Amino acid sequence: MVCPKCGKITQRSYNGLCQGCYKYFKSGGKVYSLPEAGKVEHDESGKVICHICGRSYNRLGSHIRESHSMTIEEYKAEFGLCNRTKTTEKFYSQTMRENAYKYDMDKRLLEAGKSTRIKKGETDKRKNKKVRLQEVLEKRNRGKKEN
Ligand SMILES: [Zn+2]
Ligand SMILES: [Zn+2]
């Protein structure tokens, strides 16, 4: 089927949409008017709005790659954005730094032989957080030039 929102051909239908669109709208995503070429627009929560589809994302780089099959460099060239233009939402970078710091603290505590105590019911939450963080850290190590 063809996704009615983005025109992508998709094997599976998620409520009539492709997986990307389904997830985006399910989590309350909106479609904004397309920013002018050469300008970076943010939505009310500070996410960056895509020049191609008008959706807002924390990290435009991965969205551009996955949804529009372009690199962020191609995207910036196409829309007249300076290469130094930040396409990562400010708050996101800050959160990642803080998480990395906390992660490091956990590690140091473990190394020091003190077990970081986890209350019952918190295990899964912590695990998810670490998995996500690990992905982020791996990505960061793989390509520091990104964004
Ligand atoms: Zn779609
Ligand atoms: Zn887009």
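Author: Asparagine 15 lies in the segment before H1, where helices (H or I, at least four residues) and strands (E, at least two) are DSSP runs numbered from the N terminus. This is a predicted model, in which local features need pLDDT of at least 70 and side-chain atom pairs count only at pLDDT 80 or more, while totals for chains, interfaces and linings use all residues. Residues are numbered from 1 along each chain as its sequence is written, and chains are lettered from A and ligands numbered from 1 in the order in which they are written.

Asparagine 15 counts as exposed because it has 8 C-beta neighbours inside 10 Å; a residue is buried with 20 or more other C-beta atoms within 10 Å of its own, exposed with 12 or fewer, and partly exposed in between, the C-beta atoms being placed from the backbone. Its phi is near 55°, a positive value in a residue other than glycine. Most residues other than glycine have a negative phi. Serine 69, in the loop between H2 and H3, also is not a glycine and has a positive phi of about 50°, and with 9 other C-beta atoms within 10 Å serine 69 is exposed.

Leucine 34 sits in the loop between helix H1 (19–26) and strand S1 (48–49), and is partly exposed because 14 other C-beta atoms lie within 10 Å. Not counting residues up to four places away in sequence, leucine 34 touches His51 and Gly54, contact meaning that C-beta atoms, placed from the backbone, lie within 7 Å. The C-alpha atoms of leucine 34 and isoleucine 49 are separated by 7.6 Å, although the two are 15 residues apart along the chain.

Note on methods. Two residues are in contact if their C-beta atoms, placed from the backbone, lie within 7 Å.
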